Amino acid sequence: MSDNRQHGKSFSTSDTLQALYEFTDAVYHARSVEEIYTSALDVITLTLRCDRASILLFDEAGVMQFVAWRGLSDRYRTLLAGHTPWKPGDLDPPPIFVADIQATDELDWIKEEISREGIVSLGFVPLTLEGRVIGKFMTYYAQEQDFDPQSRSLAVTIARQLGFSIGRARAETAREAALAQLRQSEARFRQMTEEAPVMIWMSDPSGHCEQLNRVARDFWGVAEDGLNEFDWSASIHPDDSASILARMGQAIALGEPVTVRGRYANWAGDWRVLETEARPRYACDGSFLGMIGVNVDITEQESIARQRELMLAELNHRVKNTLAVVQAIAQQTFRADRDLPAVSTFLGRLKVLAKAHDILSGVRWESTSMQELAREVLAGAPSGRGSISVDGPAFLLAPKQALAVALALHELQTNALKYGALSVDTGTVSLAWKPVPAGRLEILWQERGGPAVAPPLRRGFGTLMLEQGLVSELNGSATLDFRPEGLVCRIEATCEGTI
Amino acid sequence: MSRLANCRILVVEDEFLIAAALCDMLEDAAAVVVGPATTIAAAMQILQEQPVDAAILDMNLNGQWSDPIAVDLQSRRIPFVFTTGYGANERTERFGARVVPKPYGWEEVEEQLAQAMLDGVAPSP
């Protein structure tokens with residue numbers, strides 16, 4: 001750009017067009033926003049024929065700040081920064097051209113500063129982005145200007161190009177920042193999955209492995225670039241293969257989460273038990289992309305659990321064997337008196353104890369349901385002549401309580417068979433239970449239709465078991481009411497858990 | 001007259017007291033006790049040497065599954081019942097045998113044994 005063109009009177013329309021082309025070309029190739037400002041100041045000073053010009057933009061706080069300038073003193077810029085006829089976001093305002101600042105009603109100190117800078121005439125040209133003001137460029141003249149229509153529209157044209165270019169540069173900066181952030185976030189997530197102490201994988205819609213994190217690659221001995229040839233299904237134990245593939249296939253077909261467990265050969269050929277939790281993953285448009293899953297090596301837990309299971313089975317076996325030995329001793333001891341009622345009572349009680357142990361070992365000595373207990377215990381004795389109805393909600397009993405309740409029910413049943421409602425065809429027994437407030441369970445045994453009942457003269461073991469054994473075992477109470485129409489036994493127990 | 005009268009019943013049970021009680025009960029029922037055997041080897045030996053009509057077989061002998069005896073009994077077409085403290089398991093199914101859970105009363109053993117003799121022997125797997 002030559003000085004003679006800048007000040008010459010002979011600046012033609014074609015010169016102006018040429019300068020605009022150059023400006024357009026320069027901003028197109030600009031690699032930074034500073035290059036855009038420089039090109040803009042070039043074209044402004046050249047075509048609008050001023051020595052001094054500036055570009056100002058609203059900062060984040062909405063204050064108009066000088067971002068590029070030519071021929072302005074520091075003092076001027078410091079004092080007049082923030083001075084603007086527009087607010088951020090004003091909608092496409094027209095430019096303002098002031099022929100003589102002193103003739104306006106601007107504040108006196110501003111007029112003084114402008115005059116002090118040797119400026120008489122000024123142009124305020126708004127810069128807009130998507131129609132909204134983001135800043136302005138200023139032209140300054142030492143002489144009064146008439147601002148003919150041609151130079152006014154030229155100023156607007158430059159402002160549009162400049163505003164557009166700044167917008168583009170901003171978008172580019174934002175895009176790059178977002179990209180950098182994305183790269184950083186991706187690197188972070190990649191590291192997280194890579195370093196995670198469990199196997200993480202992703203499959204395509206056909207179930208082929210697309211991605212394995214490091215632990216998973218190490219497990220199967222697969223190189224990072226060897227995933228194309230990797231077939232995880234070939235590593236499943238032959239006995240587990242069919243069920244795992246069927247369940248995984250179904251999850252893929254239905255797009256459902258799935259949990260499978262099975263043995264897989266690791267890189268060394270050792271069988272390890274992996275528990276896999278997989279979920280379907282979808283693209284933004286809802287199309288199925290495959291599964292994503294986590295495998296946890298539970299070989300050790302499995303073997304501990306198996307050992308525990310074995311130990312529990314052994315313990316149950318021994319307990320029952322011991323009961324069998326006690327029974328054998330009794331049978332031998334009472335061989336001659338085998339038909340005595342006392343012997344069969346004893347053996348019956350021993351059997352109920354074994355039955356209760358059986359039920360408890362079936363639930364691993366955790367807790368047992370009241371229904372099952374009642375069913376098993378009542379089914380254990382020979383059926384009487386009356387009928388028993390059992391009714392109650394699901395309720396869980398702790399092992400100790402279950403044993404006590406089992407023995408109590410057996411005593412009640414035995415008594416009913418011998419003397420009570422189960423000794424005649426017309427008799428009925430109703431066994432019912434319900435949870436009562438404060439975590440207690442109420443069990444009610446009611447006999448009807450049996451022979452007339454009289455309280456026993458002697459407190460037998462059965463009565464004792466009911467009235468005292470239950471109290472201590474169940475931390476509750478038991479009452480036996482020998483009503484003439486039938487025995488009523490009410491048991492109340494403190495219980496930990498219900499369902 | 002007991003259903004087991006004069007039947008030759010092999011008793012395989014490693015717990016002496018239980019075996020003794022079983023023997024007593026069998027004798028009371030007029031059965032002829034063969035054994036008792038307390039090991040797999042002893043039981044197999046008896047089966048080779050003596051005629052047996054039926055057997056009462058403890059599923060576990062000193063920590064060993066008594067499967068070989070069950071297989072031998074099946075191949076000789078001798079009916080048997082398992083007694084066990086483990087409850088029903090895959091063996092009951094495999095051998096199609098009746099199970100008497102421990103502790104048991106004499107009535108149960110007698111009933112199941114008599115039934116097993118009526119069932120005949122399941123074909124070998």
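Modeller: Go ahead. Keep in mind that this is a predicted model.

Colleague: Which elements make up the secondary structure of chain A?

Modeller: Chain A has 13 helices and 17 strands. Of its contacts between residues at least 6 apart in sequence, 57% join residues at least 24 apart.

Colleague: Why are H2(A) and H6(A) called roughly parallel?

Modeller: Helix H2 of chain A, residues 13–29, packs on helix H6 of chain A, residues 149–195, at about 10°. Angles under 35 degrees count as roughly parallel, so the term applies to H2(A) and H6(A). Their axes lie 11 Å apart.

Colleague: Which residues make that contact?

Modeller: H2(A) brings A:Thr16, A:Leu20, A:Phe23, A:Thr24 and A:Val27. From H6(A) come A:Leu154, A:Thr157, A:Gln161 and A:Ser165.

Colleague: How do you class the residues where H2(A) meets H6(A)?

Modeller: Four are nonpolar and five are polar, with no charged residues.

Colleague: How many residues does each chain put into the contact of chain A with chain B?

Modeller: Chain A puts in 19 residues and chain B 15. On the chain B side, helix H1, residues 16–28, gives the most, with six residues. That side divides into eight nonpolar, four polar and three charged residues.

How values were computed
Residues numbered from 1 in each chain as written. Chains lettered and ligands numbered in written order. Predicted model: local features only at pLDDT ≥ 70, side-chain atom pairs only at ≥ 80, totals over all residues. Axes fitted to C-alpha atoms, helices over the stretch in contact; angles between N-to-C directions. Helix = DSSP H or I, 4+ residues; strand = E, 2+ residues; numbered from the N terminus. Parallel < 35°, antiparallel > 145°, perpendicular 65-115°, else oblique. Contact = placed C-beta atoms within 7 Å. Nonpolar A, V, L, I, M, F, W, Y, C, P; charged D, E, K, R; others polar.
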